[in-house]
Amino acid sequence: MHKDFRLENHPILRRSFATLFFWCAVLLWLPPVALGAPPAPTGGPIAIHPENPHYYIYGGQPLILITSAEHYGAMINKDFDYVAYFDALKSFGLNYTRIYPGAMFEPQGKFLPGNTLGPRPWSLIVPWARSDQPGYLFCGNKFDLDRWNDEYFARLKDFIAKAGERGIIVEICFFNSQYSDTWPLSPLYHENNIQGVGKCSFVDAQTLKCPDVVAREADYVRKIIREVNEFDNVILEICDEPALFTPFNEAGAWVGHLIEVAAEAEKNLPKKHLIAQEVEGPVGGPIDFAGDPDLAVIVGQYVQAGGMDQMGGIKALDLEYQHNKPIEMNETYYYPLDYEDDKIADSRVEAWEFLVGGGASFNQLNGLYTAENPTGNTADNLRLLAGLKILKDFIYSFDFIRMKQDRNFTVKGASSNAICRGISEPGKQYAFYLHHSVVMGRGHGYRAILGSYVEHLEIDLPAGPYKLDWVDPATGSVVASEAIQHKGGKRDFITPSHSVDIALRIKGK
């Protein structure tokens with residue numbers, strides 16, 4: 001080695017050592033079952049399961065989507081190593097990611113340093129080709145909206161293919177509500193394209209008020225849908241947070257138009273993909289498309305989120321479950337922002353309550369992934385990802401495709417500060433989860449309340465033999481088991497002592 005060699009002067013080697021350290025930590029920490037899981041076999045695009053429309057089918061197998069994902073910039077940020085990122089997700093059995101494909105992105109460092117959705121100007125890649133005219137407000141030449149960027153679509157296809165090889169579903173979210181600091185960066189803003197399209201405010205950019213913008217937005221949706229139609233591991237999502245600044249009726253009319261555009265774009269293509277859309281505003285209002293036959297997946301964001309007129313994912317389990325469609329919680333607090341005290345426990349309880357309550361897709365928004373650290377190589381992230389694997393293993397320990405939301409088998413007994421959810425196949429299998437938390441902020445998340453808890457529960461079960469396992473959600477360990485011969489009706493149970501949460505698995509013999 002040269003006598004003047006210093007690792008800090010060699011960033012490529014430094015990242016290689018960091019990546020090596022991460023995978024050594026994974027190999028030492030994880031049980032063997034977490035590694036080497038084969039990707040799902042092919043068999044058509046991810047679809048609604050024919051036996052239970054609250055869940056998915058993919059490769060002929062029932063599927064729940066669960067992840068802790070980067071901030072949607074992996075595709076448009078050329079600095080981000082998405083293969084390393086996918087390998088990190090796969091190593092923990094996680095199977096889901098989301099991307100924003102280019103209509104909206106953020107300034108560098110917004111929310112958190114290293115935000116992947118805020119690329120360096122020269123690292124941005126979007127669907128539209130550059131012109132020969134200088135003057136793009138972010139960096140470089142303006143865009144020519146009449147021409148597509150071949151390099152972008154090659155990257156998009158490789159991105160989805162690499163995810164598919166690892167059994168990961170890619171949710172393409174075409175739009176997010178524009179902000180005052182994001183709209184001037186968009187290629188669709190009038191100063192950034194040679195056509196002069198987009199002479200409107202950020203509030204109106206995603207309404208039907210600007211026909212020139214709407215036409216280009218529809219072209220963008222159609223083009224991406226055509227390019228990705230060959231892939232099975234894709235869900236199409238229209239818009240995140242469509243009415244943050246825009247009246248519900250205006251945003252809703254625009255979203256409805258683009259749902260029609262997306263459905264029509266696939267009408268004559270070989271493969272048909274699920275279309276998803278977030279509910280915002282009142283149930284049954286202008287941005288509640290849960291009953292639309294073209295909409296396959298009902299999306300909520302955060303836990304309750306009433307303060308922002310968004311429908312939280314857990315709230316959607318209460319208000320939208322009757323539509324018999326998968327319910328998705330597509331975003332949590334941006335980890336580690338806003339979580340308080342025990343951030344790991346705060347993250348855990350929202351995921352467990354949602355999925356044990358009947359949810360189909362859970363995405364924790366994770367700021368620990370950056371272009372410098374695409375595997376999220378931190379002690380916190382190892383715990384977060386391992387915790388989600390424990391949850392996935394718990395759900396997959398059931399024949400969950402035969403289970404539905406059930407609030408009746410737990411009759412009474414939980415204390416007033418306990419929050420409970422469950423799914424069941426009556427008389428055969430029951431999943432139950434209980435935690436002690438309070439809702440934070442405007443309904444965005446939970447703050448877990450540490451203590452020493454023992455709950456007395458009254459559970460109503462049909463007659464028969466059962467095996468009961470009490471599971472610690474933090475470790476996945478079975479802390480107590482019991483075999484019973486039940487005569488039918490109500491029966492009292494006492495939970496093991498727990499500091500935040502406890503899960504119960506009941507199976508008929």
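## A residue pair in the sheet

A276 stands opposite V297 in β11. These residues belong to a parallel pairing of strand β10 (residues 275-278) with strand β11 (residues 297-300), which spans three bridges. Strands here are DSSP runs of E with at least two residues, helices are runs of H or I with at least four, and both are numbered from the N terminus. Two strands count as paired if DSSP finds at least two bridges between them.

The model is predicted: local features need pLDDT of at least 70 and side-chain atom pairs pLDDT 80 or more, while totals for chains, interfaces and linings use all residues. Residues are numbered from 1 along each chain as its sequence is written, and side-chain values use heavy atoms, without hydrogens and water.

## The sheet as a whole

Eight strands form an open sheet with parallel pairing, in the order β4-β13-β12-β11-β10-β9-β8-β5. β4 (65-69) and β5 (96-99) each have a single partner strand and stand at the edges, so one side of each lacks a neighbour in the sheet. From one strand to the next, the twist averages 20 degrees.

## Helices on the sheet

Helix α3 (residues 150-165) packs on the sheet and touches β5, β8 (169-176) and β9 (234-240). The direction of α3 makes about 140 degrees with that of β8. Helix α7 (residues 343-356) lies across β4, β12 (327-329) and β13 (361-365), at about 165 degrees to β13. Contact means heavy atoms within 4.5 Å. Angles run from 0 to 180 degrees between N-to-C directions, with axes fitted to C-alpha atoms, for helices over the stretch in contact.

## Helix α3 in detail

From first C-alpha to last, the 16 residues of α3 reach 23 Å, close to the 22 Å expected at 1.5 Å a residue; the expected span is 1.5 Å times one less than the number of residues. Among the buried residues of α3 are Y152, F153, L156 and F159, where buried means under 20% relative accessible area with a 1.4 Å probe, protein chains only. The buried residues of α3 pack against α2 (82-91), β5, β7 (141-148), β8, α4 (211-228) and β9.

At the start of α3, a side-chain oxygen of N149 comes within 3.1 Å of the backbone nitrogen of E151. G167, with a positive phi near 70 degrees, follows α3.

## Cysteines

The whole structure has zero disulfides, a disulfide being a pair of cysteine sulfur atoms within 2.5 Å. The sulfur of C210 lies 3.3 Å from its closest cysteine sulfur, in C200, which is too far for a bond. For C239 the closest cysteine sulfur is in C173, at 6.3 Å, also too far. C210 is buried, with a relative accessible area of 9%, and C239 is buried at 0%.

Notes: Buried < 20%, exposed > 50% of the residue type's maximum accessible area, 1.4 Å probe, protein only. Polar contact = N/O pair within 3.5 Å; in protein donor to acceptor, adjacent residues only side chain to side chain.
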